Each structure stands twice: as structure tokens, then as C-alpha cells.
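Let's take a friendly walk through this structure, from the overall build down to single residues. Have the sequence and the 3D view open as you read.

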Amino acid sequence: MLGLTLLLTACNKDEVNEVTAADEVAGLQKVDTLTKGNYTFYIYKKDTGNLVVGYNEVYIQLKNNVTGKYVEDATLSWKPLMHMTMMSHACPYSTISKVADTKTLYKGYFIFIMASSDMDYWEVSYDYTSGKDTLAEVTNRPTVVQSTGKIRYKSFKGVDNTSYFLALVNPTSPKVGTNDIKAYLYKKVDMLTFNPVQNYTVEIDPRMPDMDNHTSPGNVNLTYDSTTGLYSGKLNLTMTGYWKINLIVRDASNTIQKGDPITGTTTASSIYFELEF
Amino acid sequence: MNWNFKIVIIKAALCTGCCFGLNLLAIAQNKTDSIKSRELKEVVVTGKTGLDSIHESKPLSSMDEHLQKLSNVNLIKRGGYAWEPTINNMATERISVTIDGMKIFCACTDRMDPVTSYVEILNLDNIHVGSGLAGNLHSTNSIGGGLDLKLQKAGFHARKLNVTLNSAYETNGNYRIIGSGLAYSSLKFYTNAGVFYRKSDDYKAGNNSTVNFSQFEKLNLFTNFGYRLSAQKSIEGTVIYDVASNVGYPALTMDVKSAKGFITSLSYKQENISEVLFSWETKLYFNNIIHIMDDTKRPNVAMHMDMPGKSRTAGYYSSLSGRVGKHNFVISHDSYYNQSSAEMTMYPKDAANKPMFMYTWPDIRTFNAGLTLDDRYIIDLKNTLQLTTKASFQRDGVESTFGYNTLQMYYPDMTQYQNRGLWSVSGKYTHYLKDIQLKAGVGCGTRAPSPTEAYGFYLYNSFDNYEYIGDPQLKNESSVEGNIAFALTKPTYSISLDGSYFYFSNYIVGKPNTSLSTMTIGASGVKVYQNLNHATIFNANLNTKYIFLKYFHWLNHLGYSLGQDNKNNPLPLIAPFSYSTSLDYVNKKFSAGVDLQGATKQTNFSAEYGEDLTPAYFIVNTSVGYDFIFGHVAPTVKIGIENVLDRKYSTYADWNNIPRKGRNVYINLKINL
């Protein structure tokens with residue numbers, strides 16, 4: 001009897017653990033489907049099926065249309081490029097890595113630094129390298145990148161004359177109370193090269209312009225975390241509504257590269273994020 | 001829990017020790033052989049059937065006006081309705097207000113709805129005012145005193161039906177009152193019922209100046225009933241439904257759309273159980289208060305807000321009284337569970353932005369269970385010693401995760417719930433000497449922080465223009481109290497003098513925290529409740545009464561209070577020197593009176609808490625009354641003029657100095673059918 005129960009339990013467990021490729025993208029929103037040759041790239045995002053200006057966490061599945069199976073050991077790369085009438089440039093983006101504890105899912109991120117339009121368009125090339133299929137480049141052209149209603153990304157020129165790109169990663173759905181706040185900070189090396197900036201500090205001063213510039217206590221400025229490459233801190237929000245997260249970016253020698261402290265007369269910094277919930 | 005109780009018992013023993021010492025001293029000093037048994041005035045009778053209407057110059061006056069006449073009671077006034085009572089100059093957080101022993105907690109974070117606003121004075125039999133720690137056996141966290149509003153009970157008597165019709169009109173504010181009360185008694189069953197309606201427009205202060213937003217409307221339905229199961233056993237029940245609507249608060253930035261109270265109880269009573277046990281009453285009760293503020297009628301509102309609040313309490317008490325030898329004892333166990341929740345939704349001027357939401361009372365839960373022992377030891381015909389002790393366990397916290405997350409930003413290491421042990425011990429010695437009565441009492445006890453003091457979030461106080469945040473980690477406030485009273489009563493005159501002194505440790509009060517940011521547009525800053533090292537409050541009263549030419553009664557009252565914090569700065573809302581004198585003519589059915597009330601300049605005001613110097617004032621009131629009889633119908637008519645000189649004045653207790661009523665002519669009519 002006991003043996004039978006164990007057997008049944010074991011069987012059930014196996015069934016539950018059978019995760020399909022479809023399960024692994026459950027809850028994700030499809031952004032694009034790109035086919036070339038024997039392969040199809042499926043591009044996903046978490047909350048919305050649109051690519052937007054600023055930080056985009058992108059999930060990828062790759063299907064071999066001949067075998068009908070999803071590739072589990074792919075080495076993927078990508079390359080974004082903005083085509084403008086007079087010039088073209090890239091944006092900050094990550095490498096692509098396998099999502100832990102999945103078989104078929106890969107992820108990476110883009111920080112798009114401008115929206116696409118009729119004239120100016122983004123192009124993203126996805127590459128797949130494997131033993132036999134050395135190259136399977138798929139180009140999505142044009143890739144539509146929309147602007148966001150609330151500001152979650154800011155580019156600015158620092159006092160050192162460098163172009164910086166600051167993108168809010170978290171919180172995606174803010175709550176009243178203490179939120180983990182995370183952001184990426186990049187700088188432009190040339191039109192096609194954007195490098196992460198290390199060991200700066202991003203000071204935050206959350207304010208409610210509708211409430212006499214009310215602020216919250218106990219906020220923790222964002223500092224660089226070398227293991228994740230993210231800047232992270234603590235953001236306290238005392239109520240729901242519209243918040244302006246005023247920013248000051250200081251370099252490793254504590255010099256303000258951009259941003260203004262809030263005082264009686266200065267009600268907002270020159271750089272800020274916006275949250276509304 | 002056990003551990004808490006041990007501490008309580010040890011502390012209790014210490015305190016009673018010191019009380020005994022003092023009492024023995026008092027006994028030694030007062031040896032005479034005369035016998036008089038007369039209590040100092042602690043119970044003031046008001047209301048309909050319990051009321052000798054010929055002696056009440058204005059029987060249909062509001063609850064607030066009645067409360068104002070009680071010794072040691074003052075009222076903080078924010079408008080024409082729902083004034084907040086204080087006892088010994090201590091307000092809601094330090095006193096208890098119960099209805100027939102039922103605990104009820106107001107639902108408004110801005111104190112717009114004191115418990116006294118949910119009953120109708122005409123349904124009351126009397127109001128028990130208890131001063132200090134021994135104020136009320138059923139009360140909790142009340143170191144300043146307690147009010148117990150005793151509802152009318154027709155009782156089990158010979159079959160009788162009594163119906164009264166009441167109506168009143170007051171010129172000032174076009175104030176209309178109409179109501180009817182019914183009392184039916186029989187040996188097996190009794191019931192009381194009442195329907196009362198009051199409505200007033202804006203009242204006028206002196207010099208004919210209208211105080212805008214001082215209107216109100218109130219409907220109260222009440223019933224009490226009792227059923228006798230056997231000679232000794234009975235059940236009793238109460239249902240009250242009270243709705244105040246369109247209530248203006250001229251002293252505040254917003255009004256009240258509606259304040260609804262549903263109050264109910266059921267009790268089981270056994271009487272004359274044995275030689276030792278007199279009565280045993282167990283009562284279950286529940287009440288639900290819903291309070292909705294309204295700023296839509298105000299001009300120039302910086303930001304429209306919705307601010308609903310609710311307070312629900314379920315509780316019970318079981319009280320056993322009896323006598324062993326010379327000991328009259330009461331053993332009572334009580335417990336209650338309260339939910340107080342209030343929220344605020346603010347609508348930004350820029351309609352594109354989303355509304356802003358927060359909890360001002362983040363679904364605060366309080367459970368309290370206590371045990372009270374009271375022993376009135378009649379040593380001999382001249383000496384009585386009363387000892388009262390209470391120990392209770394309290395668990396309070398915030399149920400809302402949203403609210404908990406909010407408070408954690410301010411107190412990162414706070415816990416969602418916490419336990420507190422509370423206790424009090426008091427002793428009172430009474431000595432009777434011919435016409436003289438002497439009383440001396442000592443007590444000590446603690447109170448837990450109120451929901452606002454512990455968990456309140458950005459509660460705007462229009463008095464000092466600060467926003468208040470609670471501190472869940474506050475210590476209990478404790479008080480050591482001493483009181484003394486002397487009364488001399490002769491057939492034609494009486495004099496009484498009483499004084500009380502409270503020494504608080506860990507006194508809870510809001511202090512500015514400049515590191516915190518305001519929310520309300522234009523607020524001066526944010527205050528956080530904290531424990532002050534100590535504070536003191538002293539109260540003294542002198543009352544005299546002289547009866548001359550058979551029908552004339554001349555009464556005088558002088559009152560003085562002083563409240564200081566740990567730096568000897570004045571505490572807020574402490575009464576200045578006040579006086580009143582009245583001359584009444586009472587001859588069977590006819591009565592007439594004139595009285596003068598006033599106060600000196602309030603020099604010990606607390607600028608820190610938004611007070612300013614309140615000038616001296618006095619007002620004069622007059623009244624006449626007559627009891628008619630037309631066959632079986634006996635109408636009583638009372639006519640009077642209040643503030644005859646039409647003075648424009650405000651007292652220390654008027655929020656933001658809003659002026660009190662100017663001249664007012666009233667007529668009260670009561671018909672017994």
C-alpha cells in the first residue's frame with residue numbers, strides 16, 4: 001500500500017515537472033516572430049508586447065522548423081542599429097544569456113535611446129551560431145520602438161562632456177512602501193559603442209508635485225553592484241499617485257555630472273524619472 | 001502573558017502599600033463621632049424621565065450643552081455639533097467614554113465624532129463622570145477619567161405606559177428639535193423607545209455675525225428592552241441607530257457628509273443570587289460607526305479629498321458584585337476587539353494625474369482583555385476605603401499590508417503586531433465628620449498609545465497646522481494621581497473644594513520632526529508622537545451653594561487648572577481660571593434663573609500647539625419655566641435667553657478660536673401624555 005502510494009506520487013511528480021516550451025513563455029507577451037531559413041526567432045517581453053524607449057527586458061525562443069523543436073543550446077547574439085537620414089547609431093544593450101532553470105528561454109536587454117518614427121527606424125539583427133548552422137542572421141527592419149508616457153529613461157551630457165544614458169529597470173509596478181529601485185547607467189564611446197559606467201552614485205529625491213513637493217523618508221541612493229552591473233537603492237513611496245524621482249548623478253570622485261538638489265526654489269532636478277500608480 | 005501579570009501584581013502590591021499608608025494617616029487625623037453618608041457629586045442626572053425638569057433650565061439642550069455642566073468636564077468645540085469632551089483637561093486618548101459599559105471608538109481621525117455624538121441626551125438616564133484612574137470599572141486606557149452614558153431603563157415595575165412629546169425651537173441657527181419618548185414597564189417586560197430629530201442652520205456669533213459651516217442635522221432611534229425569565233434572571237437588550245448628516249465644522253477645513261452609528265447589546269443578568277452575591281451581569285455588544293467627511297461645499301479647496309473612516313467594536317463584559325462582611329466587591333472581566341480604519345484619496349488639480357491614496361488609520365486592530373477588582377470596604381459608619389485595580393492585556397497592530405509597508409518606511413524595525421500589559425491601581429479613602437466629608441485618593445496606572453498615537457499617518461491638525469504621524473514603538477504612558485476633596489453640607493448652604501494632581505511619565509505628545517516632509521499644502525511641518533519624560537496636570541474646583549428666602553438658590557463655581565510639560569511649558573487645551581454664578585428661583589411649578597459664566601484671560605497657552613491668548617469673557621443667560629397641567633396632559637414650558645448681552649467670544653477650547661453662539665432665545669416644550 002505504501003509502495004503503491006509512493007509510486008503514484010512519483011508518477012504525478014514526473015507529470016508536473018514536464019515543462020513544455022509553451023509553459024516557459026507563459027505570461028510573456030509576444031513582440032515579434034522572425035523566420036529565416038530553417039529557424040524562427042520568437043521575441044517576448046514581460047508586461048507589454050511593445051518595445052519602448054529606455055530599458056527593455058527581452059526574452060527569446062528559437063525554433064528549428066525542420067525538427068519542430070526549440071533549440072536548447074544556442075549561442076545567440078544581437079545588434080541594434082538606428083537608421084537616421086544623415087547617420088546611424090546603436091544603443092546600450094546586453095549580451096544574450098540562457099534564463100536559469102529553463103530549457104528553451106534566453107534573455108537580454110536593450111536600452112533604446114530614442115523612439116522610431118516614419119523617417120528614423122531601428123533595425124535589430126538576431127544571430128544564431130551552432131555547430132552546423134554557422135550563421136542564421138535574421139534582421140527585423142524596421143523595429144518599432146515607442147515612446148513611453150512617463151519618463152523612465154534619461155540621456156544627458158555630463159560636466160565631463162560625456163553622453164550618459166540612465167534607464168530605470170525597477171520598480172516596474174511600484175507599491176506604497178519600500179521599493180527596490182534599479183537602473184543601468186551607460187556612456188557613449190562612439191556611435192556604435194556604449195559602455196556600462198561603474199562606481200558612480202545616483203542620488204534620488206522622490207517628490208509629489210501635486211502635494212506641495214512632498215517627499216518620503218529613508219530613501220537609499222543607487223550605488224553600483226558589480227555582480228549585476230546594476231545601480232540599486234531603496235525608494236520609499238508614501239502613497240499612490242504621480243511621483244517625480246529627481247536624480248543627481250555623481251561620478252566616482254563624487255562630482256555632480258548632472259542633476260540639481262531640490263530646494264525651496266528648485267522644485268525639480270534637470271533629470272528625473274516619473275512613476276504613477 | 002503570565003509574566004506580564006506577575007509584574008502587574010507586584011506593582012499593584014507596591015502601590016496599594018503606599019495608598020494604605022496615606023489613608024491611615026488621613027484616618028488618624030480625622031477622628032470624630034458624627035455620621036453622615038453623602039457622596040461628592042460624581043453622578044449628574046440628566047435626560048428625560050430621570051430628570052427633574054423643573055430644575056433643568058433647558059431640558060432639550062444638546063448632549064454637548066449638558067456635558068458642559070458636569071464637574072471636571074470641558075468640551076473642545078469645532079462647530080455647532082459633536083464637541084469633544086475632556087475630563088480633568090484630558091481628551092479622547094486619555095479618557096474612556098462608554099455607553100452602559102459598552103466600549104465604542106470614534107471613526108474619525110480628526111475627532112469630529114466623539115462617542116457622545118452617537119447618543120441622544122433625551123434617551124439617557126444619567127451620565128456617570130468618573131475622575132481619574134478609578135473612573136469606570138469597564139474602562140481601559142483611561143487615566144484621566146471616564147464618562148459612562150447610562151441609558152434609560154423603564155425597569156420591571158407595575159404596568160405603566162409613559163409617552164412624552166418634546167419639541168424645541170431656538171432662534172439662533174433656526175434650531176428645531178422634535179422627538180418622542182416611550183417607556184413601558186410591567187413585571188415581566190419593559191421597553192423604552194425614542195425618536196429624536198434635530199436640525200440647525202448656521203448659528204450666529206455675537207454682533208449678528210454668521211458662523212458659516214456650522215449647520216447640522218441628527219436623527220436618533222433608540223430602544224431598550226428587558227424580559228424577566230424568572231424572579232432573579234432577566235435579559236436586556238439595546239439598539240441605537242444614530243445618523244448625523246450635513247454637519248459643518250467651521251474650525252476645520254472640511255465638513256461631514258454623514259456619521260452613522262449602529263450600537264447594540266444583549267445582556268443576561270442574575271440578581272440576588274445568594275447572601276454574598278448580589279448580581280451578575282454578562283453583556284455582549286457590537287457597534288459599527290461609519291464616518292464620511294466632505295469638502296465639496298467649501299470654497300477654494302486646494303485639493304478635493306475623500307476621507308471615510310470606520311470603527312467597529314465587538315466586546316463583552318461579565319461583572320459580579322456582592323458583599324462579604326464589610327467588603328462590597330465587584331469582580332469584572334471585559335474584553336473587546338476594535339477595528340479602526342480610515343483612508344484618504346486625494347484628487348490632484350491636474351486631472352490627468354491619478355488620484356493619490358493612503359491609509360490614515362491603516363486598518364488598526366486592537367484586542368484588549370482585562371480583569372478588574374473593586375472593593376469598597378466600609379470600615380465603620382465614618383470611614384470607607386475603596387480599592388480598585390485593573391490589569392489588562394492588549395495586542396494591537398495594523399492588519400493592512402499596505403499600511404504596514406507605509407509605516408515601515410518610518411520605522412523599519414517595527415513589528416506588525418505588538419503586545420502590551422496595562423495596569424492600574426487606585427485607592428480612595430472617605431471620612432465622614434458631622435456635615436463634613438473628606439476624601440483622599442491615590443492611584444497609579446498606565447495607558448497604551450491610542451490608534452492615532454501609535455499608527456496614525458499624516459493626520460492634519462488644523463489647530464497647530466502640523467501633520468501628525470504615530471509611532472508604533474511608543475512606550476505606555478503612566479500616571480500617578482493624587483486627589484483630595486472636602487465638602488461641608490448644611491441645610492441652607494454647602495461648600496465643596498476638590499483638587500487633583502496627575503504626574504505623567506512617558507507622556508505622549510507630538511513633537512516636530514524637521515527631517516520629515518509635509519503633505520498638506522501650506523502645513524508648517526510634521527510632528528511625530530513621542531514619549532515626553534514627564535508632564536503634570538493640576539485641577540481645582542470650588543463650589544458653593546446658598547439657599548435663601550426659601551425659593552432662591554445661589555450657586556457659585558470657581559475652577560483652576562494648570563498643565564505643564566517636562567520643560568514647564570504649558571500643555572495645550574488646559575482651562576484657564578473660570579467662574580460661574582447663578583441665581584435661581586424655584587417654586588413648585590415655576591422656575592426662573594439668571595446666570596453669569598466667564599473665564600479670565602488664558603495666559604498659560606501653548607503656542608507650540610497652535611494656541612494663542614484667549615481673552616477674558618463673560619456671558620449672561622436667563623430662563624423661566626413653568627409646568628402646566630391640563631387634565632391628564634402636563635406640558636412643561638421653558639423659555640430662556642442665552643448670551644443675553646450678545647457677546648462675541650470664544651473660549652480656550654474653541655478650535656481655531658471660532659466664536660460661540662451669540663444671543664439665543666429658546667423655547668422648550670415637553671408634554672407628558
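## A tour of chains A and B

In chain A, 54% of the contacts with a separation of 6 or more are between residues 24 or more positions apart. Please keep in mind as you read that this is a predicted model.

Along the principal axes, the C-alpha atoms of chain A fill a box of roughly 70 × 60 × 35 Å. Of the 277 residues in chain A, 35% are buried.

Chain A is split into two domains: domain 1 covers 22-146, and domain 2 covers 153-276. Their C-alpha centres are 28 Å apart. Where the two domains of chain A touch, domain 1 contributes 10 residues and domain 2 contributes 12 residues. On the domain 1 side of this contact, seven residues are nonpolar, two are polar and one is charged.

Now let's look at one strand and its partners. Strand E14 of chain A spans residues 163-170, and six of its eight residues are buried. On one hand, E14(A) pairs with strand E13 (residues 153-157) of chain A, antiparallel and over five bridges. In this pairing, Phe156(A) is found opposite Tyr164(A) of E14(A). The hairpin formed by E13(A) and E14(A) has five residues between the strands, and Asn161(A) in the turn shows a positive phi of about 65 degrees.

On the other hand, E14(A) also runs antiparallel to strand E15 (residues 177-190) of chain A, with six bridges joining them. Here Leu166(A) faces Leu185(A) of E15(A). Six residues link E14(A) to E15(A) in a hairpin. The loop between E14 and E15 of chain A holds Pro171(A), and the peptide bond between Asn170(A) and Pro171(A) is cis, with omega about 0 degrees.

Most residues other than glycine have a negative phi, and most peptide bonds are trans. Two asparagines with a positive phi, one in chain A and one in chain B, are set out below.

Finally, let's see where the two chains meet. In this contact, 21 residues of chain B touch 19 residues of chain A. Which elements of chain B each supply at least two residues to its side? They are strand E20 (356-380) and helix H3 (401-410). H3(B) gives the most, with six residues. By class, the chain B side has 11 nonpolar, seven polar and three charged residues.

Key:
Residues are numbered from 1 along each chain as its sequence is written. Chains are lettered from A and ligands numbered from 1 in the order in which they are written. This is a predicted model: local features need pLDDT of at least 70, side-chain atom pairs count only at pLDDT 80 or more; totals for chains, interfaces and linings use all residues. Domain bounds come from an automatic or database domain assignment. Two residues are in contact if their C-beta atoms, placed from the backbone, lie within 7 Å. Ala, Val, Leu, Ile, Met, Phe, Trp, Tyr, Cys and Pro count as nonpolar, Asp, Glu, Lys and Arg as charged, and the others, Gly among them, as polar. A residue is buried if 20 or more other C-beta atoms lie within 10 Å of its own, exposed if 12 or fewer, and partly exposed in between; C-beta atoms are placed from the backbone. Helices (H or I, at least four residues) and strands (E, at least two) are DSSP runs, numbered from the N terminus. Two strands pair if DSSP finds at least two bridges between them.
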